[in-house]
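Good morning, and thank you for joining. Please look at the sequence and the structure on the screen as I speak about the helices.

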Amino acid sequence: MLRYQIRLTGWVQGVGLRWFINTRAAVNQCTGWVQNQWDGSVLCELQGEESNVDAVLKEIRRGNQFIVVEQMEIHEISTQTESGFHIR
């Protein structure tokens with residue numbers, strides 16, 4: 001089990017990224033949260049088994065026709081006890 005804090009920049013607000021991450025996290029049985037930031041970035045904490053977290057990160061990097069992630073800052077942080085994934 002591992003947990004990452006991820007800051008995303010690019011075309012990431014107002015394009016459905018939080019919903020996109022929320023659904024990918026649920027499908028891959030990850031917990032955590034995602035939130036828009038005042039500076040135009042999106043901050044996310046993602047926790048789960050390494051292969052599941054990697055699958056979510058791969059989909060975030062790929063984005064879609066609206067979401068363009070130009071930069072991902074990823075830092076491993078301490079795991080937490082929580083249930084589900086939430087949009088803040």
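Directly after helix H2, Gly63 adopts a positive phi of about 65°. This is a predicted model, in which local features need pLDDT of at least 70, side-chain atom pairs count only at pLDDT 80 or more, and totals for chains, interfaces and linings use all residues. Residues are numbered from 1 along each chain as its sequence is written, and side-chain values use heavy atoms, with hydrogens and water left out.

Helices here are DSSP runs of H or I with at least four residues, and strands are runs of E with at least two, numbered from the N terminus. H2 comprises 13 residues, 50–62. From first C-alpha to last, H2 reaches 18 Å, close to the 18 Å expected at 1.5 Å a residue, where the expected span is 1.5 Å times one less than the number of residues.

Which residues of H2 are buried? They are Asn52, Val53, Val56, Leu57 and Ile60. These cover an arc of only 135° around the axis, which puts them on the same side of H2; the arc is that of the directions from the helix axis to the C-beta atoms. Buried means under 20% relative accessible area, exposed over 50%, and partly exposed in between, with a 1.4 Å probe and protein chains only. On the face of H2 turned away from the buried side are the exposed residues Glu50, Ser51, Lys58 and Arg62.

Turning to H1, its buried residues are Leu17, Phe20, Ile21 and Ala25. Just after H1, Gln29 also has a positive phi, about 55°.
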